[in-house]
Amino acid sequence: MNIIKTIGETRKIIKDWKKSGLTVGLVPTMGFLHEGHGSLIARSVKENDRTVVSVFVNPMQFSLGEDMGVYPRDMERDSRMCQELGADLIFNPEAEEMYTKSFYSFVDMSVISEGLCGASRENMFKGVCTVVSKLFNIVTPDRAYFGKKDAQQLAVVKQMVNDLNIDIKIVGCDCVREADGLAKSSRNSYLTHGERAVAPKIYAALLQVKKMVICGEHHSCVLTESFKRSMYDEPMLQTEYAEIVDGLTMQPVPQVTGQGRCLMAVAVKLGKARLIDNIEI
Ligand code: AMP
């Protein structure tokens, strides 16, 4: 398996694959891979002749004061994992390769990107849309794989390919969790032992909300209040947001509808980590 740092070389390899009629899957990541990423890679390997994993900590989606500088990295372990799962190429560019000194173009989105994570992380989705567009243009995949763990990101990417007529199938993959329910995330590595012990309370509270919905409680304000109350019980857990939203538009809804399109999406601060999670309700 090749680790390629340049756009030119990556394009050349992929052009050769395409000339031979091979299909290509892309799994965009920021590296420090875990089983959540692994599930996306395995699915791509199953559904495509060739799989490209991009490993790029995208400076454009971090604001000043966020964790760009300390974001965990382990290229050796990442490449071992990609190899074992059957990926064919890791695209691992430097920031200067992706953003030259004279870089002036951006892809941005309104509405879907404005609430939830977009409300506190101002440039995040502009950075996501721009880098994902660039990766799509470099790799020209048939399919691209994204995790439902980042539900707003998945909705943004789906909207972008629709709006901009990008001929790539976006595949959403289920969230992979630790045995105690905590959603796997590269950022879990920021947690201390004590913080890690309370982190599963986030998913437990989401499950509790789902139970309330099943028992007939459909008012968003009651459901979000229930989640927030569960977090108050543990002073280390600080809710940044907890909202019931439409799963496609990410817009808040006053009531859970019966069509199975709603999510409760949450962001919770725990020590140095900001953990996001969601549940379909
Ligand atoms: P990241 O490296 O955190 O930017 O994530 C890269 C891709 O992996 C995104 O599409 C994420 O949604 C997905 N991903 C991250 N964590 C998980 C998880 N626990 N389960 C499934 N997919 C995940």
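**Chat about the ligand site and a helix pair**

Me: Before we dig in, what kind of model is this?
Reply: It's a predicted model.

Me: OK, the ligand. How many residues surround the ligand, and which are the closest?
Reply: There are 17 residues around it, and the closest are His37, Gly147, Asp150, Val176 and Lys184.

Me: Which polar backbone atom lies 2.8 Å from a nitrogen atom of the ligand?
Reply: That one belongs to Val176. On the oxygen side, a polar backbone atom of Gly147 is 2.9 Å from an oxygen atom of the ligand. Met30 also has a backbone N or O atom 2.9 Å from a ligand oxygen.

Me: And how much of the ligand's accessible area does the protein cover?
Reply: On its own the ligand has 480 Å² of accessible area, and the protein covers 93% of that.

Me: Which elements give two or more residues to the shell?
Reply: Strand E2 (24-29), H2 and strand E5 (143-147). H2 gives the most, with three residues.

Me: Switching to H2 itself: how does it cross H3, left-handed or right-handed?
Reply: Right-handed. The axes of H2 (residues 35-47) and H3 (residues 75-85) come within 9 Å, crossing at roughly 35°.

Me: Which residues make the contact?
Reply: From H2, you've got Glu35, Gly38, Ile41, Ala42 and Val45; from H3, Met81, Cys82 and Leu85. By class, six residues in that contact are nonpolar, one is polar and one is charged.

Technical notes
Residues are numbered from 1 along each chain as its sequence is written. This is a predicted model: local features need pLDDT of at least 70, side-chain atom pairs count only at pLDDT 80 or more; totals for chains, interfaces and linings use all residues. Side-chain values use heavy atoms; hydrogens and water are left out. Axes are lines fitted to C-alpha atoms, for helices over the stretch in contact, and angles run from 0 to 180 degrees between N-to-C directions. Helices (H or I, at least four residues) and strands (E, at least two) are DSSP runs, numbered from the N terminus. A crossing is left-handed if the near helix is turned anticlockwise from the far one by less than a right angle, and right-handed if clockwise. Contact means heavy atoms within 4.5 Å. Ala, Val, Leu, Ile, Met, Phe, Trp, Tyr, Cys and Pro count as nonpolar, Asp, Glu, Lys and Arg as charged, and the others, Gly among them, as polar. A residue is near a molecule or strand if one of its heavy atoms lies within 4 Å of it. A polar contact is a pair of N or O atoms within 3.5 Å; within protein, one must be able to donate a hydrogen and the other to accept it, and residues adjacent in sequence count only if both atoms are side-chain atoms. Accessible areas come from the Shrake-Rupley method with a 1.4 Å probe; for residues, only the protein chains shown count as cover.
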